[in-house]
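Here are a few friendly notes to read alongside the model. They move from aromatic rings to strands and then to the cores.

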Amino acid sequence: MLYSTLLWVARLLIAFEIVVALIPLLPVGFWAVRLCDAPRVQALMLLIIPTTCVSFLLISDYRRAENLLLCSLILFVIAWQAWHVVPYTPLYPREVADASNQQPSTVRLLIANVEKGNRQFEEVANVIKRLDPEMVVILEINDAWNEGLSEIKRTFPHHVGVVRSEGLGIELWSKLKLQQPQVRYLVSDKRASILTDVIGNDGNVFRMIAIHPTPPGLLQKSGDERHDSRIRDAELSLVARQVAQGDSVPWLVTGDFNDVAWSHTTRLFARVSGLKDPRIGRKLMNTYNAKYLLWRFPIDQVYCSQDTTVHEFDRVQIPGSDHFGVFVELSLPRSANNRSEASSNDKQETNELIREGQQDANDE
């Protein structure tokens, strides 16, 4: 009886694990498929149960072909999920090197999704004061947050962005001088992004983009359907293409991507843009959901030009928010060769994602 029960538990859980692992390979934007990109760490943790069951089965009958097959399938899923996750651990070479003591800092940046319904204004202001960043990207800033953080906002002389309800606000506050700051609506007229040149602490200019694209699975205005991933994917693709087509100025792209660092779309973004991820070789930096320990994913991102170095890179508690913040101190190069690593297929896919996402936005 026990043998039969363990066999069925192993069969069902391994089948579930294989579906979750491989379904993101489907070239579709359906939100449920795309969200399966996220829980790869959780899927690895869940494998403890079928692995235990199969270990018992092998001890009981190691010659049975099905037991050997189940063991092989478990090893395949472990290898597949680990291939996505291990680069975001110290087991992998760092993609962005540590800064030396002699390198001057270019920027100290905080990315903070404050959560629109959160009301811990004073506590969040104290976090900003303690970290003392030169630039802050505030996401989901609405009228209440704009008022609640007004005192500390005044310590940043340069501002650009929009204050909006429904989690659609985005602002950049800066003590560093901004040149030609713009608010842009890349795909959807509901989702703003920010583009600006910045004069860093070292006196050199870098270009910065802050984004907060539409998350897949978000209910549409009608409340009857959920957004798929195509509007988000189009925005990431447009930013990547702009960086690749830009001049030799260093770039910094950041924000809540609403996409995990290891997804196909984010990796495509990195290849097309040529930008690098400080997470790689350091840590997962799971930023959402801050309220659930076992259900967290790395969706708040920082990408920078090649030859950038890192003084500090860490996750920060944002009181009352469902996101952790990201605090980073970087030294950016004087000039950058943002060499795209995209293949012809990558470029074709990027163009298709942009076209489909723009069509989706027009149909909203």
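1. Let me start with Trp80, which counts as partly exposed because its relative accessibility is 22%, and buried would need a value under 20%. Please keep in mind throughout that this is a predicted model.

2. Which residue pairs with Trp80, and in what geometry? The structure holds nine aromatic pairs, and one of them is formed by Trp80 and Trp83, which are stacked with 5.8 Å centre to centre and 20° between the planes. Both residues belong to helix 5 (residues 65-85), and because they are three residues apart there, about one helical turn separates them.

3. Phe257 sits in the loop between strand 9 and helix 10 (264-273), while Phe269 is in helix 10, so the pair ties together parts that are 12 residues apart in sequence.

4. Together with Tyr303, Phe257 and Phe269 make up one aromatic cluster.

5. Arg226 lies over the face of Trp31, at 5.5 Å from the ring centre. Arg315 lies over the face of Phe324, and here the distance from the ring centre is 3.9 Å.

6. Next, have a look at strand 8 (residues 205-211), which is mostly covered, with six of its seven residues buried. How does strand 8 pair with strand 7 (residues 193-199)? The two run antiparallel and are joined over six bridges. They form a hairpin with five residues between them, and Gly203 in the turn has a positive phi of about 90°.

7. Strand 8 also pairs with strand 9 (residues 251-256), this time in the parallel sense and over five bridges.

8. Elsewhere, you will find an open sheet of seven strands with mixed pairing, in the order 1-11-12-2-3-5-4. Its edge strands are strand 1 (97-98) and strand 4 (158-162), each of which pairs on one side only. Within this order, strand 11 (residues 309-316) and strand 12 (residues 325-331) run antiparallel and are joined by seven bridges. Glu312 stands opposite Glu329 in strand 12.

9. Finally, the nonpolar cores. Which members of the largest nonpolar core touch the most other members? Of its 29 residues, they are Val107, Leu109, Met135, Met208 and Leu252. Leaving aside residues up to four places away in sequence, Leu252 touches Val107, Leu109, Phe206, Arg207, Met208, Ile209, Val302, Tyr303, Cys304 and Leu330. Another core, of 26 residues, lies apart from the largest one, and its members include Ile211, Val253, Phe257 and Val272.

How values were computed
Residues numbered from 1 in each chain as written. Predicted model: local features only at pLDDT ≥ 70, side-chain atom pairs only at ≥ 80, totals over all residues. Heavy atoms only, no water. Core = buried A, V, L, I, M, F, W, Y, C linked by side-chain atoms within 4.5 Å. Buried < 20%, exposed > 50% of the residue type's maximum accessible area, 1.4 Å probe, protein only. Contact = heavy atoms within 4.5 Å. Helix = DSSP H or I, 4+ residues; strand = E, 2+ residues; numbered from the N terminus. Pairing = 2+ DSSP bridges. Phe/Tyr/Trp six-rings, centres within 6.5 Å; stacked < 30°, edge-to-face > 60°. Lys NZ or Arg CZ within 6 Å of the ring centre and 35° of its normal.
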